[in-house]
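Open the model in your viewer and keep the selection tool at hand. The stops below go from single residues out to the whole chain.

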Amino acid sequence: MMEMMEKILRERNWQDLEKLVRVSSKKAIRTLVNRIYIKDGLVFWRAVEALGVASALDEKQKKDSSVELVRRYFWSLNEESGGNAWNAAEAIGSIMASNPKECGHFNWMFANLLEDESLQEGVLWGVLNLSINAPEVVDPLMERVYPFLEARDANQRGLAVWIFSLMKACPSANERWEIGEELHKILIQDQEMAEIYLEGEYYHFPVSVLLGKEIIAFSAREYEQADFTWSISVASSQKGLCWVGLGTPEKEEGEVRAWARKRMPGALVIPRALPNQKVMEQLEEYFSGIRQDFNLPLDPRGTDFQLKVWEELCRIPYGETRSYGEIAQNIGNPKGQRAVGLANNKNPIAIIIPCHRVVGKKGDLVGYASGLDHKVRLLDWEAAHRHQ
């Protein structure tokens, strides 16, 4: 199996990994555990990432299997175990980041590994990934991470700085994630390069750049709605959902990247499903006809006028419509129908911010960035399910 696994890691082919896990999760995970003993660059990091992916797939088949795997790794770090703990910190971090709901309660045990110099970079890498996928798990750990803002090693320093940047941007995180003024002055001038692995590749950033480096997690999936299949792409920042698009994944990813260059300069767009899990679940419920209101943190980026329009759109009840003129009137700009239409067209969060519910003065279906056929389908669906 090792030869097959090496091919999967070189190609970063998680579809083939899933097939292996389905056939024998025990063998697949054991092969990855053995592969992680060898720290040999990019393929090593892909093996670490693959262990997280495999553990999440196995968790779907066997409840708490990820918890048991994390426990075994912690035991391997115990002197009494007599076992080897090569690169255990990276492995634990990957498993926890892929299974935060099941393994998040290990956060303090994991952070305590920072006391061991040989484990520090691996732990910080794991905490970085947790701060992307589940910042609530990282929130209590500020005091453990803070000392590494002054670490001698640029990679450790960069990881700690990036963790602070992501946690500070997260509304649900504790406000304690602030860097002291004097230390901030030092870090903002820190040009030493940090090398950090994420989503299949090494990224190289000066430590100073990581002080404001945002991450946008992008993912796509299909939804069945009666006899129609929707292809929907979503993207989230640390603050909340910032993109929902109805085109093909390839088209939407290109548009998200172009949008981010304009609205979130310097942000890193990475393919990652887990931070988008909640919106995907709620969209599934919407297209199943059992959800009429969304409960999600939103992070739309636009002009003050656009934000005001989009906020008003969210007040339109499910199954109802409003005219451009009514929206303009409601936001205190009665002659701004055309401007409202332009703001509608620039709405980056389709369906959730329901621009499809805005119609012409006489109820005619004019204008929809994703196509009038999609608009008709959404309105007909909501009308049919409004009183259910």
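Select Ser 236 first. This residue of the predicted model sits in strand S4, which covers residues 228-236. Is Ser 236 buried or exposed? Its relative accessibility is 8%, under the 20% cut-off, so Ser 236 counts as buried.

Show side chains now. The side chain of Ser 236 makes a polar contact with the side chain of Asn 276, at 2.5 Å. Next, display the surroundings of Ser 236. Setting aside neighbours within four places in sequence, the contacts of Ser 236 include Ile 215, Ile 216 and Ala 217. Leu 241 and Cys 242 are also in contact with Ser 236. Pro 275 and Asn 276 complete the list.

Val 269 is 33 residues from Ser 236 along the chain. Their C-alpha atoms are separated by 9.6 Å.

Move to the backbone torsions. Select Asn 87. Where is it? Asn 87 lies in the loop between helix H4 (65-76) and helix H5 (88-98). Check phi: the value for Asn 87 is near 55 degrees, positive in a residue other than glycine.

Select Ile 351 next. Its phi is near 70 degrees, again a positive value in a residue other than glycine. Ile 351 belongs to the loop between helix H17 (337-345) and strand S8 (358-359). The relative accessible area of Ile 351 is 1%, so Ile 351 is buried.

Switch to a surface view. Which residues make the nonpolar patch of about 350 Å²? Select Tyr 37, Ile 38 and Trp 86 to see it. Tyr 37 is in the loop between helix H2 (14-35) and helix H3 (42-61). At 39% relative accessibility, Tyr 37 counts as partly exposed.

Zoom out and colour by secondary structure. The protein has 18 helices and eight strands. Its radius of gyration is 23 Å, close to the 21 Å that the globule rule gives for 388 residues, so the protein is as compact as a globular protein of that length. Draw a box along the principal axes: the C-alpha atoms fill roughly 75 × 55 × 30 Å.

Colour by burial. Of the 388 residues, 53% count as buried. Among contacts with a separation of 6 or more, 64% come from residues 24 or more positions apart.

The accessible area comes to about 18800 Å². Carbon and sulfur atoms hold 49% of that.

Key. Residues are numbered from 1 along each chain as its sequence is written. This is a predicted model: local features need pLDDT of at least 70, side-chain atom pairs count only at pLDDT 80 or more; totals for chains, interfaces and linings use all residues. Side-chain values use heavy atoms; hydrogens and water are left out. Patches are made of residues with over 30% relative accessible area and no salt bridge: like charges are joined within 9 Å, nonpolar side chains (Val, Leu, Ile, Met, Phe, Trp, Tyr) within 5 Å. Accessible areas come from the Shrake-Rupley method with a 1.4 Å probe; for residues, only the protein chains shown count as cover. A salt bridge is a side-chain nitrogen of Lys or Arg within 4 Å of a carboxyl oxygen of Asp or Glu. Helices (H or I, at least four residues) and strands (E, at least two) are DSSP runs, numbered from the N terminus. Buried means under 20% relative accessible area, exposed over 50%, partly exposed in between (1.4 Å probe, protein chains only). The radius of gyration is taken over C-alpha atoms; the globule rule is 2.2 Å times the number of residues to the power 0.38. Contact means heavy atoms within 4.5 Å. A polar contact is a pair of N or O atoms within 3.5 Å; within protein, one must be able to donate a hydrogen and the other to accept it, and residues adjacent in sequence count only if both atoms are side-chain atoms.
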